[in-house]
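Thanks for making time this morning. I would like to walk through one model with you, going from single residues to the places where elements pack, and then to the contact between chains.

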Amino acid sequence: MKLSRNLALSCEILAAQKLRTLLSVTGIVVGVGAVVLIVSAGRGAEKKILDRIRDMGTNLIVVNAGQTRIIAGRQRQIATVTTLKADDAEAIARQCPSVALAAPATSKKLATRYESENANTNVVGMTPEGFHVRNIAIASGRSFDPEENRAQRRVAILGPTVVENLFDGADPTGLRIRIGRVPFEVVGVMAPKGMDANGVDQDDLIIVPLGTAMRRLFNVTHIQTIYVQARSAELLNTGEKEIRELLRQRHRLRDKPDDFTIQNQATLVDTERETTRSMTFLIGSVAGISLMVGGIGILAVMLISVRERTGEIGLRRAVGARRSDIRTQFLLESGLLAAVGGLVGVLGGVGAALAVSMLGYWETVISWPAALIGFAFSVFVGIVFGIYPAIHAAALEPIEALRAE
Amino acid sequence: MIELKTIEKTYGSGDTATPVLKGISFRIQAGEYVALMGASGTGKSTLMNIVGCLDKPTGGQYQLDGADAVTLDDNALSHLRNQKIGFVFQQFHLLERTTALKNVMLPLIYSEPYPEDAEQRAEKVLTAVGLNDRMYYRPGELSGGQQQRVAIARALITNPQIILADEPTGNLDSKSGLEILAIFKRLHRDGHTIIIVTHDEEVAEHADRVIVLKDGKIEQDRRVAQPRDAEKEVDERIGREDAE
């Protein structure tokens, strides 16, 4: 085919002008590189958020008292509702066939003290099942058992941040702290979890037995949250339905709206994934637009090239090239330029994404589909922006083109 | 082979119309060696472009090897140029960024079917013009005479019947020019039809026939009784240089 015969020669001609070839494809390189980097960063962010959601527990369904709403990125209760009780959790565990475990919990921010150190900390009252349902691991010491829960013992398990704040990082096991005015014995320390998707420190908390918290600390008879573990990931939605029916019945709601909110991990994952995806898509598209600018670079260089190589065009016509041969040649050259730029851009973007990851700035997940699309799009841009110069070259009259030099 | 009948070429139209060729008729047989002469502005370049199928006349008829070159479309003319005509230009028109070999192979890119032995053919024609040791040189690394020989090799690669040379010695010193003319002489002896466009009497002396243009018309069409033999002159010159 004429095309392939000429390709080698085109490569040779383009390669002979290294600097210009480099400059002409810079825009494409940057554009494709940016797309790959941004999408990889977005995928990294998505992975991070999803990991955090998974960290929250396995097959988790969360029941909150009252209607909640997401305000400034965090889920907040809009009014205090006192209808959710610890009994509800027991009923869910007993009566819902899709549910494996249900752990009631309630929390409040309270002043805590060890000797002269003070800190305001989120104090969570929870039953022992909660550790399992919420994937809370004990790093040192121990958790509390159902007996201690029932007996409303004053034992506390601290998050790493609390240990840092009150004990300067020293092992607090066996020491006594005060929560509000009530003395507690520290029996264990939780493994660190880091920040959640919204940047809230998940390690800044103290867990105490639920009964202790309700009676001795908060003086309430209701709870805020029930953490439920479904028997399998497939049963998350069924479990949610069962829980809703049961609670509506227990709370005698009839035609009134729910006085609780249920979320399950699967829908949470879907929502978060959608959010990060649309964000990534948005920023990626902006980067994609810079590819268009890269196309203009190619347009400019190809126009100069046609002017400069007018004599060559004339000669090729004289030795038998048809107009269409000239057109194809220049289209091929601009496509080739863009392809080289796209390839370098992909390598650069992947390299940058790996570097960002390795240097620890941001976790990235290389997106090969984005790389492929970026590359294909750059070739497309090269050909589209090559059309005008190619038509211009093909339209030259051979005798005038020959005379041009 | 080549037959022109009352060829006219007028640039522009209406009041600004400028006639350049005003009824040119001649016939060139296969194997002739013709010099097309005339001062600049007499239309000899325009005539050459028409003969070479690079341009179309505005009037008259042109038969090239039985084909009606006036009515053929652009693609057919491209094909005709590729197969029947080899061009040699004053400015050589070589691609600067590639080797002599690739330059010579260029016309083959556009011929169908593409010969499998393209590279061997290019080597052969380059050897025929005495450049067997310069095949991988770029034009910038060659002398003017060598560059013109690359251009001749390129004109020969498709084995065309007609070699059309436009002031082929115009940019060369007399020695290199003579060497180029010697190559043309040999090609003529091998049966090629040679048409050289020139304003130089000395160059025209090498042809069998001289057609002189003036003001867009043929002023003279004569046979040369004793054409100079460039091949012999080059040999003699080498002999002289060896003697010195």
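Cys53(B) is buried, with 23 other C-beta atoms within 10 Å, where buried means that 20 or more other C-beta atoms lie within 10 Å of the residue's own, exposed means 12 or fewer, and partly exposed is in between, with C-beta atoms placed from the backbone. Cys53(B) also has a positive phi of about 65 degrees, although it is not a glycine, and it sits in the loop between α1 (44-51) and β4 (59-64) of chain B. When I name helices (H or I, at least four residues) and strands (E, at least two), these are DSSP runs numbered from the N terminus.

Before going further, please keep in mind that this is a predicted model, in which local features need pLDDT of at least 70 and side-chain atom pairs count only at pLDDT 80 or more, while totals for chains, interfaces and linings use all residues. Residues are numbered from 1 along each chain as its sequence is written, and chains are lettered from A and ligands numbered from 1 in the order in which they are written. For chain B the pLDDT, which is the predictor's confidence in each residue, from 0 to 100, averages 92, and 100% of the residues score at least 70. For the complex, the predictor gives an ipTM of 0.93 and a pTM of 0.75.

Is Asp168(A), another residue with a positive phi, buried or exposed? Asp168(A), whose phi is near 60 degrees, is exposed, with 10 other C-beta atoms within 10 Å, and its place is the loop between α6 (160-167) and β8 (176-179) of chain A. Still in chain A, helix α7 (residues 210-218) has buried residues, among them Leu210(A), Met214(A) and Leu217(A), and just after this helix Asn219(A) takes a positive phi of about 55 degrees. Back in chain B, a cis peptide bond with omega of about -5 degrees joins Glu112(B) and Pro113(B), and Pro113(B) belongs to the loop between α3 and α4 (118-128).

Now to the sheet. Chain B has an open sheet of six strands with mixed pairing, in the order β6-β7-β8-β3-β9-β10, and two strands count as paired if DSSP finds at least two bridges between them. The edge strands are β6 (85-88) and β10 (217-223), each pairing on one side only. Within the sheet, β3 (residues 33-37) and β8 (residues 193-198) run parallel and are joined by five bridges, with Leu36(B) opposite Val197(B).

As for helix packing, the axes of α3(B) and α5(B) (residues 144-156) come within 7 Å and cross at roughly 35 degrees; axes are lines fitted to C-alpha atoms, for helices over the stretch in contact, and angles run from 0 to 180 degrees between N-to-C directions. Residues in contact, meaning that their C-beta atoms, placed from the backbone, lie within 7 Å, include Val104(B) and Leu106(B) in α3(B), and Val150(B) and Ala153(B) in α5(B).

Finally, the interface: 23 residues of chain B are in contact with 22 residues of chain A. On the chain B side, the elements giving two or more residues are α2 (74-84) and α3 (100-109), and the largest share, six residues, comes from α2(B).

Notes:
Two residues are in contact if their C-beta atoms, placed from the backbone, lie within 7 Å.
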